[in-house]
Structure formats: C-alpha cells, structure tokens
Amino acid sequence: MISVSENKQNISTLGKSIIRTLAYYDIFNYPLTADEIYSNLGTNHVSTNDISLELENLCSTGIVFSKDNYFLLKDNEEFIHRRLAGNKLAEKKLISAYKMSRFISYFPYVRAIMLSGSISKGYMEKDSDVDYFIITHPNRLWITRLLLMIFKKVFLLNSRKIFCINYFVDSETLEIEEQNIFTATELVTLIPTYNADLYNTMFDRNMWVNNYYPNFVKRETEKIYKSKRSLVKSVFEMTLNNILGDKLDDFAMKLFDKSNRVKYRNYDTADFKIAFKTSKRESKHHPKFFQKRVLEAFNQKLKNVEETFNISLS
C-alpha cells in the first residue's frame, strides 16, 4: 500500500518558501509581484530569476495564479484591482502622515516616529487607521502617551483614521520581545518619519528578523524629518526631569492599565498580557489582538494549501 506521504507532490525548498510568502499576504487578499516575493521571502541566496522560474512551475501545478505580473493563491483578478486602489490611497495618506509626524515630534519626550500597520505596507482602505510606532525618552513613555491621547481625544475627536497610537517603546528597549512572522513583518515594513538614527539603531537591535526576511532592504532615511529643538518641548521636559516626572509617569501607566483591565476584562489572561503590554519601557494597545488573529489565519492557510494540493510546506 502506498502511504499518503508517498503521494505528496514534490515541491522544491524555494517553491515552499514562495508559497508561504504568498500565503501570508493571501490572508489580506494582497497579490505580490516577483520582486516583492523576493523581498518577503524566507529564503536567501536566491536570485529574482530563480524565483521567476519557480513561479512558472508553481503556476503550472495550479497552486499559484498569475495575472498582470502579480501572483496570488486565489484565481481572483478583483484582488489586483483592490490592491492598486489601496496603493493609490496609501500614497495620498502618506502625505498627511508625514505632516502629522512632524507635529508629533514636537511633543515632550518623543524621540522617534515610524508608521506601521497597513500604511507601512503601502495599502490603505477608506476606513483604515493610520498607525504610529513611537519611541520615547526612558522613564517618560507614559507621560508621552498621556499627552498624545489627550491631544487625540480633544483636537482629533478620537479619530483613529488620522492618528492611531498603539505602540510605544523607550529608547533603551528597542529589541521587540515577541519574535514571530507577524512582528517581523511589522518591523521590516516600518516607515521612519522622524529621527533616522534611532530607526537605524532599532533595525540593528532586531537582527532576528533576518530569520524571516533575509532579503528585505532597510528603508531609506535620507528624507526623514529632523525636528528642530522646540522651546516649549525643552521647557516642559526640564520641568518634569525630576521625581515629579517619575511619579506622573507611574500614575499615567497605572491609569491606562486600570482602564484596559476594566474595558477588556473578558480577555484571556495570557492574551491580555500580549495585546495590552504594560511596563515602564513598553506600551502596546491592540484591542483586536491582530497578531493572534493573523498568526492563526496564517497557520490555517498553510494547512489548507497542504490538504488541497497534497503537499508538505514544512
């Protein structure tokens, strides 16, 4: 009797890596070009020509589909039109996001700003949030978050579409603790908008992302905004660079933590610690726990492909 494993299709190591890359973006119905597959590939020491040849093989098996130089796991041309429309909207949103970054840079204790989420992937929808990843001065993370939250609620009417602040770290905590394909994707795609030096340092502190994206090129930093030293910012920081500032930062952290525990009390304890990470050096506010949802969807996507085409992607 022939075992199931003996009946499995023979897919090369490169082919498996390509399928895994497409599967991750297939979660978002987002087709990729051959060059983008190379940048997002989990395998290095390959050329774009190698990838093109392997894509031809995968298309011939029916595992991968191709249309207008885009590749995807679903034979649906609408996804390509959807992507192109989202790319155009992201280009428009980037203009305002850079302006907002410049404004945020004048807030006390803000040391670096990066764009994250969908806008950092070059794709936006009408209801998409503009997510900001902010690096603060040590021991002043929660004061920074409190000031930005007040600004958002009072002057932006709490609009996430304009300004969503869901991740803070301080300048001494640049290595991200959770190391998986989701956090790796978020890190390599960050778009720095203020303080190139800290962006470069953060990139160097998270070299583990090369395990997932060995071919991804760091963002260019020549055009990053360099904030001039604000008198108001300097005076505010001088006023709170003391025990009063320490106590205010502690108070703000406890305030946010208490609010989250009440508002999201139905969360599983383990999930809560990740989705609402709260420490003196790091703040994460992810009510939808997108990380868990994406990782679960990715694993299910790989399982579906394996079962549908009788292949092994491990």
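Q: A charge sits over a ring if NZ of Lys or CZ of Arg is within 6 Å of the ring centre and within 35 degrees of the ring normal. In this predicted model, how far is the charged end of Arg 145 from the centre of the ring of Phe 256?
A: The distance is 4.3 Å, and the cut-off is 6 Å. The charged end of Arg 145 does sit over the ring of Phe 256.

Q: What makes Arg 111 and Glu 237 a salt bridge?
A: Their side chains come to 3.1 Å, N to O. The limit is 4 Å between a side-chain nitrogen of Lys or Arg and a carboxyl oxygen of Asp or Glu, so the pair qualifies. Arg 111 belongs to strand S3 (residues 110–116) and Glu 237 to helix H8 (residues 231–240), so the bridge joins distant parts of the chain, 126 residues apart. Both Arg 111 and Glu 237 are buried.

Q: How many salt bridges does the structure hold?
A: There are 17 salt bridges. Another one of them pairs Asp 257 with Arg 261, with the closest N and O atoms 3.1 Å apart. Asp 257 and Arg 261 both lie in helix H9 (residues 243–263), 4 residues apart, which is about one turn of the helix. An α-helix has 3.6 residues a turn, so residues three or four places apart point the same way.

Q: Why is Arg 261 called partly exposed?
A: Its relative accessibility is 49%. Partly exposed lies between the buried limit of under 20% and the exposed limit of over 50%, so Arg 261 falls in the middle class.

Q: How many aromatic pairs are counted?
A: The count is 20. A pair of aromatic rings is described by the distance of the centres and the angle of the planes.

Q: What kind of aromatic pair do Tyr 24 and Tyr 25 form?
A: Their centres are 5.8 Å apart, and their planes stand at 75°. Ring centres must lie within 6.5 Å, and planes over 60 degrees apart count as edge-to-face, so this pair is edge-to-face. Tyr 24 and Tyr 25 are both buried.

Q: Why is the pair of Tyr 30 and Tyr 123 called edge-to-face?
A: The ring centres lie 5.7 Å apart and the planes meet at 80°, so the pair is edge-to-face. Tyr 30 sits in the loop between helix H1 (13–26) and helix H2 (34–40), while Tyr 123 sits in the loop between S3 and strand S4 (131–136), and 93 residues separate the two.

Q: Are Tyr 30 and Tyr 123 buried or exposed?
A: Tyr 30 has 10% relative accessibility and Tyr 123 has 11%. Buried means under 20%, so both Tyr 30 and Tyr 123 are buried.

Q: What makes the buried residues of H9 lie on the same side?
A: The buried residues of H9 are Gly 245, Asp 249, Ala 252, Met 253, Phe 256, Asp 257 and Asn 260. They cover an arc of only 125° around the axis, so they are on the same side of H9. Helices among those covering them include helix H5 (141–155), H8 and helix H10 (269–275). The face turned away from this buried side carries the exposed residues Ile 243, Leu 244, Lys 247, Lys 254 and Lys 258.

Q: How do you know that the span of H9 is close to the expected one?
A: H9 has 21 residues and reaches 30 Å from its first C-alpha to its last, close to the expected 30 Å.

Q: What makes the phi of Tyr 109 stand out?
A: Most residues other than glycine have a negative phi. Tyr 109 is not a glycine, yet its phi is positive, about 70°. Tyr 109 lies in the loop between helix H4 (78–104) and S3, and its relative accessibility of 0% makes it buried.

How values were computed
Residues are numbered from 1 along each chain as its sequence is written. Side-chain values use heavy atoms; hydrogens and water are left out. Buried means under 20% relative accessible area, exposed over 50%, partly exposed in between (1.4 Å probe, protein chains only). Rings of Phe, Tyr and Trp (its six-membered ring) pair if their centres lie within 6.5 Å; planes under 30 degrees apart count as stacked, over 60 as edge-to-face and the rest as tilted. The expected span of a helix is 1.5 Å times one less than its number of residues. The arc is that of the directions from the helix axis to the C-beta atoms. Contact means heavy atoms within 4.5 Å.
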